Amino acid sequence: MLRWLNEILELDNVQYDYTSQEPPTDQHTILRDVVRFEKTTYLQSGRRVYKELQSHYYWYVDNLHFGASAHLEVFDSHGVHVGESNLEGSIDKAKRDPNKRIDV
């Protein structure tokens with residue numbers, strides 16, 4: 001089943017170029033995992049916000065960073081910043097910014 005899904009959605013072909021001068025698309029990141037995340041109606045800095053189904057965290061691609069600095073912003077269910085994630089979904093809570101919030 002997973003192999004079929006990968007072939008249909010071409011998930012294996014979605015690689016972000018870390019030398020890019022553009023931020024990644026949602027499909028370049030863990031946000032493409034429709035089992036783990038669902039799209040919300042929220043936008044943040046022009047980017048779609050996704051809700052992680054298990055944790056209820058909110059995630060979006062940070063439009064201000066690209067190439068090797070590309071990352072996602074992660075917020076808890078109350079909109080409080082949790083930290084930054086790499087494109088594969090590993091959250092670095094040391095990068096938490098107590099002044100960052102989103103309205104959810």
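Me: In which loop is D76 found?

Reply: D76 is found in the loop between β4 (72-75) and β5 (81-85); strands are DSSP runs of E of at least two residues, and helices are runs of H or I of at least four, numbered from the N terminus. The model is predicted, with local features needing pLDDT of at least 70 and side-chain atom pairs counting only at pLDDT 80 or more, while totals for chains, interfaces and linings use all residues. Residues are numbered from 1 along each chain as its sequence is written, and side-chain values use heavy atoms, leaving out hydrogens and water.

Me: Why are the side chains of R47 and D26 said to meet in a salt bridge?

Reply: Their N to O distance is 3.0 Å, which is within the 4 Å limit and therefore qualifies. R47 lies in strand β2 (residues 47-52) and D26 in the loop between α1 (2-9) and β1 (37-44), so the pair ties together parts 21 residues apart in sequence.

Me: Why is R47 called buried?

Reply: Buried means under 20% relative accessible area, exposed over 50%, and partly exposed in between (1.4 Å probe, protein chains only). R47 has 11%, so R47 is buried.
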